Amino acid sequence: MSDVIVSSSPSAKAGHCGPEIRSDLQVSIEPRDQGGLEIEVASRVKTYYGDSIRRQAEEVLEALGVRHARVEIRDEGALPFVIAARIEAAARRAGLGAGTRVLPDRLPLPEASARDRLRRSRLYVPGSEPKYFVNAALHGSDGIILDLEDSVHVSEKDASRLLVRNALRAVDFLGCERMVRINQIPLGLEDLDEIVPESPDLILIPKVENPEQITEADRRIAEIKSNYGITRPVWLMPILESALGIENAFAIAKASPQIVALTIGLEDYTADLGVVKTSTGGESLYARQRVVNAARAAGVQAIDSVFGDVGDLDGLRTWGLNSRATGFEGMGCVHPMQIAVIHEAFAPTAAEIEKARKIVAAYDDAQAKGLGVVSLGSKMIDAPVVQRALKLMARAKTMGLVS
Amino acid sequence: MAILEKTEMVVNAAGRTVPETVNGRQQTAFMGVGKYQPVGNKTAPPIRTAADYPSNGDKRVANLETALRKCGLRDGMVISSHHHLRDGDRVALMALEAASLIGAKDLMWFPSASFPSQKSAIPLMEAGIVDHIEGSMNGPLGDYCTQGRMRGMGVLRSHGGRWQAIQDGEVHIDIAVIAAPTADPFGNCDGSHGKSACGSLGFALADSIYADHVIVVTDNLVPFPCVPWQIQGNNIDYVVEVDSIGDPAKIVSGTTQITRSPDRLRIAEFIARFLRDAGIMRNGFSFQAGSGGIALAFVSYLKQMMKQAGVKARFVRGGSTKYLVELLEEGFTDYILDGQTFDLDGVRSIGGNPRHVATSPFTSYNYHGKGNFASMIDAVILGATEVDTNFNANVVTHSDGRLLHGIGGWQNCLASGCTILAVPSFRDRIPVIVDEVTTLCGPGELIDVVATERGIAINPRRQDLIDAVKGSTLPIRPIEEIKKEVERICGGKPNRPRRGDRPVAAVKWVDGTVLDTVWQLA
């Protein structure tokens with residue numbers, strides 16, 4: 001006759017299950033004082049991976065030091081790195097496994113991200129929805145943002161941090177820049193502790209209003225990098241989302257050598273101003289121009305906000321062209337369908353490429369002849385113009401527009 | 001009739017183990033594509049005389065029960081029905097229930113396909129009124145079969161294969177019951193008009209020609225003549241009027257929707273680009289796409305490319321939907337050849353546009369005839385549940401062995417000039433590219449391209465296609481490479497379920513030979 005097994009603390013859950021759920025799972029852990037591990041697995045893919053899920057659960061729980069508990073897993077086809085994250089999240093919520101991380105095998109890190117790489121498009125992926133992680137990079141955006149901030153409910157912040165951390169290790173992001181949007185400082189500092197050891201390429205810091213917030217984040221990142229022996233750069237992109245942020249744009253942009261770009265969050269900004277956000281953006285024109293100016297002055301990229309109406313591709317195209325004309329080098333993206341339109345809008349036109357080609361040819365010609373002055377026909381071409389043409393041709397080459 | 005007994009098994013030319021007899025009939029095992037030579041003549045129903053039929057052409061009887069009695073319904077007979085009313089059909093079960101009222105038992109139900117809403121056939125099978133079903137089964141009927149609860153063996157045939165089986169006398173239909181959205185008292189039928197309109201009635205054509213007795217059931221009787229008469233009254237014995245032959249909401253959908261999933265859109269775009277880059281898209285070409293989300297998106301992308309290139313197709317084949325109808329009405333194709341109509345736009349068009357032509361499994365797909373349309377098509381886009389590294393494919397079971405889909409026109413379409421499978425590389429953590437398919441439905445030599453969101457694999461047998469797309473920006477990759485990538489993502493190869501050792505259904509090839517077996521689940 002077995003003794004009645006007593007729970008030592010209330011059970012905790014993490015994740016989701018149900019017929020509409022895909023690529024996720026729900027884990028409940030009920031800690032006990034004795035009796036070992038009782039693991040129950042129900043899975044949509046039981047026939048194929050039922051044994052594997054059970055084995056993985058046993059491994060993760062052992063690594064967390066959980067010896068006595070009743071564990072219920074309801075799986076809807078979650079990939080292994082998600083299973084590990086959900087079990088760890090549930091354990092932590094149940095007050096177990098404190099201070100232990102269970103890390104999935106890591107793919108080799110891609111090449112470090114260049115400071116001024118193409119950032120035409122960055123696709124937001126909600127950090128609480130693992131079903132989007134694995135295929136996000138297929139759609140060819142320049143960057144993927146694993147979001148821990150506004151797309152994640154406050155009750156899911158702790159679990160999402162683990163999902164994103166595991167994703168940075170286990171998911172192949174192909175050529176995309178691996179970005180994470182952390183929460184506003186100070187909550188964001190906890191995100192940094194979990195994320196930075198996985199060498200994300202870039203951290204977006206939301207709702208930045210003064211340079212001190214940047215300094216604080218910078219310091220924490222440097223500390224973590226030092227602890228983990230990371231030499232790869234972790235860039236920063238502050239998001240200005242309020243009137244005060246816009247006022248302090250230049251100071252913020254100069255606050256750290258790790259800053260590579262400056263961007264704006266129009267939803268919160270227009271709310272701060274107390275105006276209605278329109279699809280043509282007249283109400284935020286000053287703020288966006290200020291961001292461009294401050295970014296330029298600080299020597300970093302100016303990146304525009306997202307265009308929220310996913311169904312309106314014509315509106316997106318207009319916004320993108322206008323954005324480029326204003327001086328932005330790229331914008332945010334909320335759906336893969338937007339990527340091609342954005343890349344087209346931010347691409348130099350054929351006419352611009354032709355003009356730049358001529359200037360570069362004239363420059364090369366002048367160099368070859370040892371001349372200090374570059375001329376095209378009867379016109380003299382100033383040095384900054386030459387620089388711009390060279391940069392445009394380099395960009396066009398990276399975009400695959402010229403060979 | 002046949003109780004599911006132990007049957008001898010034999011290994012066929014594809015290396016699959018198949019039954020030697022099915023429901024008491026001797027079978028020929030698959031011999032290879034195009035290898036089997038049929039002998040003998042087509043079957044035919046008994047000769048009739050007009051003296052036995054109403055001279056005023058009014059074949060109406062009071063109800064289905066009366067009609068079945070007059071047809072001489074006996075135990076063990078074969079009753080057939082068509083599936084143009086899809087999940088909204090009422091007539092097939094009406095007929096089987098009327099048969100049970102008469103007291104008949106051990107019947108074989110021979111639908112051109114069955115649907116989940118027809119699960120009320122299960123109590124009829126439990127009670128012995130229906131002995132077994134030969135036709136596609138999914139949902140509850142599919143489970144009933146794979147659980148080994150059906151007394152006879154299931155038989156899965158393609159649309160063309162069903163025509164071949166009827167024509168060759170392999171399946172002898174005693175009584176065909178044809179649901180008709182419009183009919184006249186003589187028995188002429190039309191599917192494109194009426195409150196339960198469904199478009200084409202092609203799946204009932206063979207039944208009307210070859211069955212011993214044919215009953216038409218309609219909810220929209222018109223005075224003679226009912227025109228167009230896709231089914232001819234000269235083949236009909238009795239006409240029954242009912243209030244409703246089906247639920248219009250489930251017969252055709254109000255609108256068909258292009259997929260919104262970015263992954264599926266990506267696959268659709270890849271396929272359209274493939275046709276363009278390989279030079280298959282050109283003036284006068286032809287293609288066929290189903291009605292699934294990926295196929296509709298593919299049509300949309302291809303249309304844009306055809307517009308840019310100034311290209312017009314000679315004909316397109318459906319499943320017709322609004323998107324195909326737009327191609328016709330906007331001048332992107334000369335004709336739609338339509339086997340099955342999926343939405344209201346399709347119904348409207350087939351009913352009013354002379355260039356939207358109804359076809360049947362005879363013209364489109366019958367392999368035991370003097371050719372068919374399927375082999376004339378330049379490109380076809382199909383789905384699949386599994387593909388293996390030899391490009392063999394499965395469409396009837398998932399990897400767990402449960403019956404999930406019918407074959408439909410899928411096998412017949414493999415004869416096209418370029419057969420493309422559009423599949424996600426994994427579904428719910430389950431890899432779609434496997435070492436060996438669970439159920440073989442299509443031999444790899446006929447499958448040319450597998451398009452997934454992670455890349456496109458071309459069958460090495462098709463050097464011409466490989467050469468044609470050299471220089472394309474499409475991600476062309478070896479199929480083994482895609483498979484490995486997916487296995488890494490999914491955390492290793494999946495377990496295969498333990499297969500039972502009792503065959504519960506046979507999968508036929510387009511020529512009536514047995515291609516593979518569906519096994520009882522352990």
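Which residue in strand 6 of chain A stands opposite L123(A)? Please look closely at that spot, and then tell me how the parts around it are arranged.

Author: The residue in question is I144(A), which stands opposite L123(A) and belongs to strand 6 of chain A. Please keep in mind that this is a predicted model.

Start with the two strands. Strand 5 of chain A covers residues 121-126, and strand 6 of chain A covers residues 143-147. The two pair in the parallel sense, over 5 bridges. Both strands are part of a closed barrel of 8 strands in chain A, which runs in the order 5-6-7-8-9-10-11-12 with parallel pairing.

Now step back to chain A as a whole. Its secondary structure comes to 14 helices and 14 strands. Along its principal axes, the C-alpha trace of chain A spans about 100 × 45 × 45 Å. Of the 403 residues in chain A, 46% are buried. Take the contacts in chain A between residues at least 6 apart in sequence: 71% of them join residues at least 24 apart.

Chain A also touches chain B. Here 18 residues of chain A are in contact with 17 residues of chain B. On the chain A side, the elements that give two or more residues are helix 1 (46-64) and helix 3 (133-136). Helix 1 of chain A gives the most, with 5 residues. By class, this side of chain A has 10 nonpolar, 5 polar and 3 charged residues.

In chain B, 32 residues of domain 1 are in contact with 31 residues of domain 2. Three helices of chain B each supply at least two residues of the side of domain 1 that touches domain 2: helix 4 (139-146), helix 5 (159-167) and helix 6 (205-210). Helix 5 of chain B gives the most to that side, with 7 residues. The residues on that side of domain 1 of chain B divide into 11 nonpolar, 17 polar and 4 charged.

Definitions and conventions:
Residues are numbered from 1 along each chain as its sequence is written. Chains are lettered from A and ligands numbered from 1 in the order in which they are written. This is a predicted model: local features need pLDDT of at least 70, side-chain atom pairs count only at pLDDT 80 or more; totals for chains, interfaces and linings use all residues. Two strands pair if DSSP finds at least two bridges between them. Helices (H or I, at least four residues) and strands (E, at least two) are DSSP runs, numbered from the N terminus. Two residues are in contact if their C-beta atoms, placed from the backbone, lie within 7 Å. Ala, Val, Leu, Ile, Met, Phe, Trp, Tyr, Cys and Pro count as nonpolar, Asp, Glu, Lys and Arg as charged, and the others, Gly among them, as polar. A residue is buried if 20 or more other C-beta atoms lie within 10 Å of its own, exposed if 12 or fewer, and partly exposed in between; C-beta atoms are placed from the backbone.
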